[in-house]
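Me: Hi! I have a structure open on my screen and would like to talk it through with you. Could you take a look with me?

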Amino acid sequence: MKIIVLTKRVPDTGTPIKVKGDGSGLDLSSIPFVMNPYDEYALEAALKVKEKKGEGEIVLLAVGNDEYKETIRHGLAMGADRAKLIKVENPFVLDAIQVANLLLEEIKKEEPDAVFCGKKAVDDERSYVHAFIAQKMNYSYLYGAVNIDFGDDKLKIMKETERGLATFEVPFPCLISFDKCQFEARYPSLRGIMAAKKKPLEELEVQNIPENRVVSIKFEPPPPKKPGKIIDLPFPDNVKELVRLLKEEAKVL
Amino acid sequence: MPESKIHELRKFFDLDEYLTEEEKLIRDTIRDFVKKEILPYIGEWWLKGEFPKHLIPQMAELGLFGPTIPEKYGGAGLNYVAYGLMMEELEYGDSGIRSFCSVQSSLAMYSIFAFGSEEQKMKYLPEMAKGKLIGCFGLTEPNAGSDPASLETRCKKDGNEWIINGRKMWITNGTIGDLAVVWAKDEDERIQGFIIEKGTKGFSTREIKTKISLRASDTSELILDEVRVPESQRLPNTEGLKSALMPLNEARFGITWGCVGSAWACFEEAYNHSLVRVQFKKPIASFQITQQRLVDMFEKIWKAQLLVYHLGRMKDKGTARYIHVSLVKRNNTRMALEVAREARSLLGAYGITTEYHSMRHAANMDTVHTYEGTYEIHTLIVGRYLTGIDAIDR
């Protein structure tokens with residue numbers, strides 16, 4: 001069985017992001033990057049399926065620049081077997097359809113049994129790349145899995161719904177996107193990290209990237225919070241003043 | 001209010017530029033592990049005086065035990081810079097956690113790897129790498145600390161067996177350990193090493209519960225009362241005291257890096273606190289005295305960081321001698337002790353609680369400063385090298 005795991009490199013969500021002074025983009029220098037956490041769940045799910053079946057190949061696939069190799073090595077160290085990196089100079093300017101089209105070419109060549117990925121990237125929140133791929137490939141498709149099991153040559157996928165948990169049986173070939181799961185993604189082991197450098201990481205040069213139709217024109221930081229107001233009056237005038245402000249200014253009473 | 005930029009400060013001298021992809025990945029993985037599995041709970045474990053035994057399987061899975069030994073014996077074949085980075089990240093969490101790994105890897109496993117027979121290596125090392133067997137190292141005694149040559153534990157050959165009598169003191173992992181590497185003097189006054197398994201008749205341990213330092217670590221006394229072991233439990237390839245001291249040099253190397261991790265943990269919280277703590281209507285970071293204290297800490301930590309990096313590269317090349325390790329152990333333990341105390345003081349009253357980390361690190365560092373060769377002994381080791389005059393054992 002072959003599973004492709006789509007992966008993206010994103011800024012660590014714990015770090016404050018700065019906007020460039022001229023608003024042309026984000027200042028990403030000296031920001032730590034990590035594998036998109038939802039993709040990490042997807043990779044863990046793929047590893048679980050491979051372990052349950054006792055055989056299989058897990059291929060990481062990404063569109064990115066040289067720096068992506070660090071993220072990919074993390075995935076290889078977790079246990080993926082090999083990786084393909086579709087090289088572009090600046091992955092941040094690509095729109096979702098461009099990314100999906102680039103991935104699609106390689107998915108067609110690989111003919112996997114399944115494609116796993118995170119439900120969205122935590123940086124740009126684009127959750128339609130995988131939907132586009134599923135549609136183009138005519139795959140069985142499920143969004144937002146929280147758990148996975150493999151048996152009788154089928155995938156059983158659990159999803160959270162408003163009324164509780166639902167379990168689906170999904171035939172191959174399929175594309176599953178993963179939400180925050182009921183299991184944790186494993187840490188790469190030191191031995192896994194040492195082994196990762198011997199695993200194949202194929203870098204693919206792209207000849208013609210179709211033009212991007214959706215272009216970002218301006219970035220701005222969220223407006224700073226307005227400072228709070230301190231009512232500097234003795235009791236009970238301060239309570240009266242507070243009630244007045246809530247009624248007249250905030251208009252919440 | 002000024003914004004915290006810890007990440008930028010940690011890249012000030014851009015060490016990443018000089019690390020391989022694997023080294024960075026190892027560092028980041030252990031950092032992530034410590035952040036998620038250790039930092040939220042360490043204050044509580046420390047107060048309870050408990051080593052988090054439940055983490056042993058996960059630590060083994062990560063490969064933290066014996067990472068530098070060859071894969072054949074269950075290791076990961078790591079270089080020493082990667083090993084150092086791992087120790088730095090572990091001690092960012094707590095010196096007790098790092099000590100556990102140091103003793104398992106650098107003292108117990110290394111002794112068996114360096115001085116054991118092939119059968120001993122195959123019997124113990126893979127199981128120790130898996131965390132199924134925990135080891136400790138018994139050299140220090142109630143009356144033999146800085147002067148290990150004066151140890152009083154005796155071993156006597158009796159047919160194909162050895163009879164061992166004596167006591168070992170301040171032994172990390174002593175009680176949770178499944179086996180002990182114990183050093184004893186034979187009838188020819190030659191120091192021999194033995195692997196003694198838990199449950200061997202006459203071998204018992206007693207945990208020291210009254211510590212106010214390294215509380216998240218098991219420190220014990222080993223009692224050897226007419227312990228009989230077969231010749232197959234003796235480490236065959238030792239050369240007296242020199243062999244008993246070699247593993248300590250390995251462990252000290254890990255300590256030099258660990259100190260840097262501990263100091264970063266203290267600096268980071270003191271730095272963040274100084275930016276948000278407002279007194280006299282301004283952040284305390286805006287006072288010149290605070291700035292000087294922050295810069296002093298920052299400078300000390302970076303000097304120590306660059307030193308361990310260079311020491312690590314030397315060790316990988318095979319050019320690091322024990323005198324290099326002594327000098328850096330001396331410098332970095334003092335540095336970490338000073339930074340932890342300074343950070344504690346900058347945090348004011350907050351700093352004395354276990355919600356913050358500096359006081360715990362400061363208390364731990366008091367031990368790290370004196371164990372595995374006291375500050376003074378390392379001074380005299382380097383002093384002897386400089387002058388050619390031995391001031392320790394004249």
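Predicted model: local features only at pLDDT ≥ 70, side-chain atom pairs only at ≥ 80, totals over all residues.

Reply: Happy to; below we go through the domains, the chain interface and a couple of local spots.

Me: Good to know. How is chain B divided?
Reply: Chain B has three parts: domain 1 covers 6-129, domain 2 covers 135-239 and domain 3 covers 242-387.

Me: Let's stay with the first two. How many residues of domain 1 of chain B are in contact with domain 2 of chain B?
Reply: On the domain 1 side of chain B there are 29, and they are in contact with 25 residues of domain 2 of chain B. The C-alpha centres of these two domains lie 24 Å apart.

Me: And what area do domain 1 and domain 2 of chain B bury between them?
Reply: About 2,000 Å², with 64% of it on carbon and sulfur atoms. In domain 1 of chain B, the residues that lose the most area to domain 2 are Trp46(B), Phe115(B) and Tyr124(B), which together make up 28% of what that side buries.

Me: Which side chains meet in a salt bridge there?
Reply: Lys123(B) and Glu197(B), at 3.2 Å from N to O. The count between domain 1 and domain 2 of chain B is one salt bridge. There are also eleven residue pairs in polar contact across that interface, both residues being at pLDDT 80 or more.

Me: Which helices supply the domain 1 side of chain B?
Reply: Helix H3 (42-48), helix H6 (95-115) and helix H7 (118-129) of chain B each supply at least two residues of the side touching domain 2. The largest share comes from H6(B), with twelve residues. By class, that side of domain 1 of chain B has 15 nonpolar, nine polar and five charged residues.

Me: Nice. Switching to the two chains: how many residues are in contact between chain B and chain A?
Reply: 28 residues of chain B are in contact with 19 residues of chain A. The area buried between the two chains is about 1,900 Å², and carbon and sulfur atoms give 64% of that.

Me: Which residues form the salt bridge between the side chains of chain A and chain B?
Reply: Arg73(A) pairs with Glu21(B), at 3.2 Å from N to O. One salt bridge is found across the interface of chain B and chain A, along with four residue pairs in polar contact, both residues at pLDDT 80 or more.

Me: Which helix of chain B gives the most to the side that touches chain A?
Reply: That would be H2(B), with twelve residues. By class, the side of chain B that touches chain A has ten nonpolar, seven polar and eleven charged residues.

Me: Last one: where is Lys119(A) found?
Reply: Lys119(A) sits in the loop between strand S8 (114-118) and helix H4 (129-137) of chain A.

Me: Why does Lys119(A) count as buried?
Reply: Because its relative accessible area is 14%, and buried means under 20%. The side chain of Lys119(A) makes a polar contact with the side chain of Asp179(A), at 3.3 Å. Setting aside residues up to four places away in sequence, Lys119(A) touches several others, including Tyr38(A), His130(A), Tyr143(A) and Phe178(A).

How values were computed:
Residues numbered from 1 in each chain as written. Chains lettered and ligands numbered in written order. Heavy atoms only, no water. Domains from an automatic or database assignment. Contact = heavy atoms within 4.5 Å. Buried area = accessible area lost by both parts, 1.4 Å probe. Salt bridge = Lys/Arg side-chain N within 4 Å of Asp/Glu carboxyl O. Polar contact = N/O pair within 3.5 Å; in protein donor to acceptor, adjacent residues only side chain to side chain. Helix = DSSP H or I, 4+ residues; strand = E, 2+ residues; numbered from the N terminus. Nonpolar A, V, L, I, M, F, W, Y, C, P; charged D, E, K, R; others polar. Buried < 20%, exposed > 50% of the residue type's maximum accessible area, 1.4 Å probe, protein only.
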